[in-house]
Amino acid sequence: MMTQKRSTIWQWFIDGKIEPVNVKAAMIVAYPHPTANKWQLLIANILLYLGVLLLGAGVIFFMAFNWDALSHLNKFAIVETLFALFIGGFYLANRARKKSSLQADGQHVLHDQHNQHIQQTYGCSLANAMLLGASIMLGALLALVGQTYQTGADPWQLFAIWAVLILPFAYIAGFDLLWLLVVVLLNVSLGLYLQSFASVFSFLLEDIQQIAIFGLVNLVIHLTFSLAKRCKWRVQLHFNCPMVEASSLLASVSGFTWLIIWVIFDFNYHYDSNEYVAYYALVYLVTMVSLFVWYRYRSPALYPLTLVLTSVSAAIISLLSSELFETSDTIAAFFIMGIVVVGLTSGCLYWLKKWHQQFDEMTMLTDNNASNSDVKKEGTAHE
Amino acid sequence: MTSNNNTLLNSRQLSKRSLWAIIAALVILALINYKIFTQEQLLANGEVILFELAPVDPRSLMQGDYMALNYDIARVVSQSVNQHSSTQNNHDGLFIVTLDKHRVAQFDGLYNGDALTPTQRLIQYRVRDGSIKLASNAFFFQEGRAADFEQSKYGEFRVNQAGQLLLSNMIDKDFKRI
């Protein structure tokens, strides 16, 4: 957004619509420098989250060091008290915000303030930091219970229970870091589960199937978040988590890429499970094509397209190398591979740049439409 | 974000969020404390049963604050489980032990629903990755006490009627708690 605005102004300057003396002023109008207030807010937030994380780590180390000095119930009491304090902190922070919102309701609420308010309610805020702290304490408490009563429960259960129990907090906060914690816990739990139960099912789950499961699960997580965000209902604000969307997509595409590379190198002409291999290749192709179509035409975004192109390039390279290195002439194979790599990367870059421009134009158009409709709305409101 | 005036949270919604967070927290605490309570009950009222430890190779697996455990009985259970080849690879099950005068458990057989004699007890076991697990296969202790626990010869468990196990102490060769 910022670079786009800057380049537009630069364009106007080139066209001679802005006097050389005024360029700097125009830039500052289009993209104001952050005020001291904004810097303070940023630093305060960073310190707040660091503080919460360090406090959590501190409690865990304290327990480990004083394992024998504290009785079972004392240990639980300490962690549970901290958990309750974090929840109390959430309540207090929420109440303070309620007061300020009541005051704001009395006056005319400016659009900017309004956005900031949503940011404060669903993004980084003191209240949500408290929920994050409570979630970390909960993990410490679960681990403590597990270690104190050495029941030897399977490790995946700890992470799964932890993820499930903090779901309400993540939903209430609608906050990137908490949802990210949930998603990471789910992935860890899945990995540990597959490690200990891969052979429970009637057939043996091979490594390649486990990778496929990872890819699919993360894809489902990505779809859940991006679809929930698109829906026009109140709940969408609870799922507005760009970080979770981006990282689950990255995990999913990496999983699928790993899968297809495995398939390519494992492909064996006189192996009787060729059928399965074909299914994996099909799954990969269908996923990549649908991701591409969706993010190219339905909801244009550069990041998913970059991932898809990278994945496809990796697949092409491995297909080529698995074929070429079986021939005797390795030097020629390296040469051809080099050329293909150069060709693929420059082709991808060219497309990405082109799409970038197109998407920019589209967003500018929609922005104009949006601002027009806003003006209309304001107009009707004033009438 | 699309500008949508409905998204402004009013004070009632904020209090609702507080309320839900507090309810969630209470439910979580209730669940965990109930779990703690049942485990404490088992520790306090469960019957004491000792399992002889089998040396874990290498014994220096101790990593400061925990040691890996293996039980003598696990070998026998494992053999018995392998004979019933129809069973799945990873599963949970029950077996029967008799207790001697020091309450040390001896393996009798896998449980198949028969009535128990007065000296027999049910024990839950789990098979993971081909090895038998009795409750925990690790014992956690405070950093720096590794030398004390090298003396341990038995693991002391608390067991209830259903065969649920909790590892509670390490016992040396003279049947003293470490």
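Helix axes are lines fitted to C-alpha atoms over the stretch in contact. The model shown in these views is predicted.

**View 1. Helices α10(A) and α12(A) pack against each other at roughly 15°.** Helix α10 of chain A spans residues 242-266, and helix α12 of chain A spans residues 302-324. Their axes come within 9 Å. Angles under 35 degrees count as roughly parallel, so α10(A) and α12(A) are roughly parallel to each other. The crossing of the two helices is right-handed.

**View 2. Residues in the contact of α10(A) with α12(A).** On the α10(A) side, the contact residues include Leu249(A), Val253(A), Thr257(A), Ile260(A) and Phe265(A). On the α12(A) side, they include Tyr303(A), Pro304(A), Leu307(A), Ser311(A) and Leu319(A). By type, the residues of this contact divide into 14 nonpolar, five polar and no charged.

**View 3. The largest nonpolar core, of 61 residues.** Phe83(A), Leu131(A) and Phe169(A) have the most contacts inside this core. At least two residues each come from α3, α4, α6, α7, α8 and α9 of chain A, and from α1 (11-45) of chain B. Helix α6(A) gives the most, with 14 residues.

**View 4. Surroundings of Leu131(A).** Neighbours within four places in sequence are left aside. Leu131(A) is then in contact with Ile87(A), Phe90(A), Phe169(A), Ile172(A), Ala173(A) and Leu178(A), and with Ala21(B) of chain B.

How values were computed: Residues are numbered from 1 along each chain as its sequence is written. Chains are lettered from A and ligands numbered from 1 in the order in which they are written. This is a predicted model: local features need pLDDT of at least 70, side-chain atom pairs count only at pLDDT 80 or more; totals for chains, interfaces and linings use all residues. Side-chain values use heavy atoms; hydrogens and water are left out. Axes are lines fitted to C-alpha atoms, for helices over the stretch in contact, and angles run from 0 to 180 degrees between N-to-C directions. Helices (H or I, at least four residues) and strands (E, at least two) are DSSP runs, numbered from the N terminus. Angles under 35 degrees count as roughly parallel, over 145 as roughly antiparallel, 65 to 115 as roughly perpendicular and the rest as oblique. A crossing is left-handed if the near helix is turned anticlockwise from the far one by less than a right angle, and right-handed if clockwise. Contact means heavy atoms within 4.5 Å. Ala, Val, Leu, Ile, Met, Phe, Trp, Tyr, Cys and Pro count as nonpolar, Asp, Glu, Lys and Arg as charged, and the others, Gly among them, as polar. A nonpolar core is a set of buried Ala, Val, Leu, Ile, Met, Phe, Trp, Tyr and Cys residues joined through side-chain atoms within 4.5 Å. Buried means under 20% relative accessible area, exposed over 50%, partly exposed in between (1.4 Å probe, protein chains only).
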